[in-house]
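A short report follows the display.

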Amino acid sequence: MVKKEKEQLIDKSLKKQHKLSASGIRVFYDNFEAIKGIDMNIKANKVTAFIGPSGCGKSTFLRLFNRMNDYIDGFRMEGEILIDGDNIYKKKVNVEQLRKQVGMVFQKPNPFPKSIFENVAYGLKIQGIKDKKFLQDKVEDSLKKVALWEEVKTDLNKSALALSGGQQQRLCIARTLAVEPSIILMDEPTSALDPLSTAKIEELIYELKKEYTIIIVTHNMQQAARVSDRTAFFYMGDLIEYDSTKKIFTNPEKKANRELHNRTIWIKDLKYDKFRPT
Amino acid sequence: MRRFKEVAIEKTLMASAMVTILVTIGIILVLSVEAFNFFSVVPIWDFLTDTQWTPLFTEKHFGILPLLSGTLLTSFIAIAFAVPVGLSISIYISEYAPKSFRKTIKPALELLAAVPTVVYGFFALTVVTPFLQTFIPGLSGFNSLSAGLVMGIMIIPFISSLSEDALHAVPNSLREGSYGMGATRLQNVFRVLIPAASSGIIVSIILAISRAIGETMIVAIAAGQQPRLTLDPTVPVETITAYIVQVSLGDVGHGTLEYQTIFAAGITLFLFTFILNTMSYRLRKKFAEKYE
Amino acid sequence: MNNIKKNRLKDQAFKYWGIFCTLLGLVLLAIFIGTILIDGLQRINWDFITNLPSRNADKAGIYTALTGSVWILGLTTLIALPLGIAAAIYLEEYAKKGKLSSILEINISNLAGVPSIIYGLLGLEVFVRILEMGSSVLAGSFTLALLILPIVIVSTREAIKAVPKSIRDASYAMGASKWQTVSMQLLPASFGGILTGVILSLSRAVGETAPLIVIGALAYVPFAPSSPMDEFSVLPIQIFNWISRPQKGFEVNAAAAIIILLLITFLLNAVAVYFRNRWQKKLNN
């Protein structure tokens, strides 16, 4: 075997170990370069956190994995995103199928203006599933997984909008779970919630990672430290550091470089304003 | 298979949207073709300069000027009445009235625009004209004054609603700057707000003019059926729109010159309103950009 | 000092002028309706509604005109509703920003300002003559449908726009296709707004006279339409016809018919406002 082919095979099998992999990613909105060249591999059944100040590109990067950026005018991407070894930006990829495999939870809970039952069943109904028993079982199962079942089981026909913020967000997670994705993307899922609801959802994430691969964008340092196995630190479109959470928060890389030194102070003191790029 | 369905649905929806373009093409074609037929018999010069319009008499004249003057005279009266009143209302609601007032008054005024025009025509003929006749002795039973005034009442909401929106959109910082210098509300309105909201106000006036020019029933009922090149508001006149109605009520066969006259009149009307509508659209786009 | 006082006075004076103008329109409308009620109320009875038109003012009724109006409203809705909603969905959710979409928008805005009588001329040539529908209910309905189409499109677009973006995001993120998102989320959520727009355009259509006269709706129709190809009259044309007659009896008839027409118009408007309020409450929940 030629050396190059051998390298490619090894590379590919390494990539196959990773659930998600991004290489050479650059993202442009018209002429603005939002992501400046990032490589990243994410392992299955782990929680990976994206942290960084507002506008650093972490949400943009997250949305590459379920192609939600496609709807933004002027969006352009270079590079490859592989899920289970397959490039999801190939022309023949069925985006709707992709999104059943990669679910998303948004910052502000956005339940549909329908009943609790209809919300959770929606993802199944759009696949053409009509079997009433199956839907009912699935809905109950998903609501149990997010610990919402006991609270709502008496009236599943109640409007989802009547639930509290924390309940609505758990409902949104439930409807995502109902279609059985393997990956769940969470874009600041607790930033609009009160501390009690936040704690409940963080507990949930901890439970969920047994079955799912989770990526969570958060601007809350402590949350990342509590919840994630690996953390990626973004700044102004660059990936500054990506390592195990323990390492990033307790013993970050020591380098003589002033940039990284300042960044260390930033993470240790958990203060944004100390960060100055060179 | 699913892909095919999605594309088919999109094409169907697009076809529905394209119908609107078909309608415009249809209007232009229909008017142009029949008008062309008309102008191959009647020279354009005659059409534009002859001061008489008598296509249904034995001695035929085909000058558009009498109908045009009827249209413009009635519209002018309507606008002359509606603009001061409508603007004053918009200023009052925007700057003087308590905020809760706005919620109840605006819908109430929009009622004026919801009344069918045939009802307004009835009112102009049976109430307004006799009323005006009591102190304008020479006022004829059919005249452009009554019709014009009643048209004015109908278009008040066009001006008051849109102008009020325009005034409402002026940032408060401009008001505060002016009040801070000791200006009264009135001074503020005329020196600061109206200039700032001018494009919105002008749009409302242009739309109102377009509406007045295109109005049919009020003038058909109350203004008369005598085409006359005049500025006298007390005598019967005929508008372009009323003429078209008059011919349509009669028995005019297709292909005859008389039939084609309604299209010649129609295309004139269409040109006027088209120009006005385009102007107002352009201005509205500019106006929207201003406060973005 | 003098100047300030003068300015204050002017300000106060304008305030009263403003109140006067605001009330002027409404007072005049009240006077109109008052005189019409005085004129026509006593004429309204069951006979009036069920009688056919007649040369005798006392015997004449609005039956044929009323049924004609109902036929016209029904068919117009049938034609304009699907067409308008489909066009609005396309413009709002499918069309990409670009030349085509701007042209469509400018065009619709222009069509909304075309005088209704021009639609009559279009209908006369295309529906009555070229498509050989004659001066039938069908021709009238097509004509009016084109007339109200821009209103239906604009109000449907506004209703769809009002559905929050977060709903679209959630639906797409779950793998729904565009049409699934439109049909299962956007249309149900905007239904109240669309309904409002349709009812308002109907209340406009019921009062339309000129375009129907141009396409040949008759002023004297001795029978109610029983098929879309029948000739017809509508309530406003009946009113117009009676106004044109010199006898006082017909003036009373006209006033009475106007009362009925106004009732229908205001009822439709009230229903529209009711639905709009209910829908807005639901959306803001």
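How many salt bridges are there between domain 1 of chain B and domain 2 of chain B? The count is 0 salt bridges, a salt bridge being a side-chain nitrogen of Lys or Arg within 4 Å of a carboxyl oxygen of Asp or Glu.

## Basis

This is a predicted model, in which local features need pLDDT of at least 70, side-chain atom pairs count only at pLDDT 80 or more, and totals for chains, interfaces and linings use all residues. Residues are numbered from 1 along each chain, chains are lettered from A in the order in which they are written, and side-chain values use heavy atoms, without hydrogens and water.

## Chain B

Domain 1 covers 2-40 and domain 2 covers 54-290 in chain B; such bounds come from an automatic or database domain assignment. In chain B, 9 residues of domain 1 are in contact with 11 residues of domain 2 (heavy atoms within 4.5 Å).

The two domains of chain B bury about 870 Å², with 84% given by carbon and sulfur atoms; buried area is the accessible area (1.4 Å probe) that two parts lose on being put together, summed over both. On the domain 1 side, Leu31(B), Glu34(B) and Phe38(B) lose the most area, together 68% of what that side buries.

## Chain C

In chain C, domain 1 spans 3-43 and domain 2 spans 49-283. Their C-alpha centres lie 32 Å apart.

About 760 Å² is buried between these domains of chain C, 69% of it on carbon and sulfur atoms. Ile36(C), Asp39(C) and Arg43(C) lose the most area in domain 1 of chain C, together 69% of what that side buries. Between the two domains of chain C there are 0 salt bridges.
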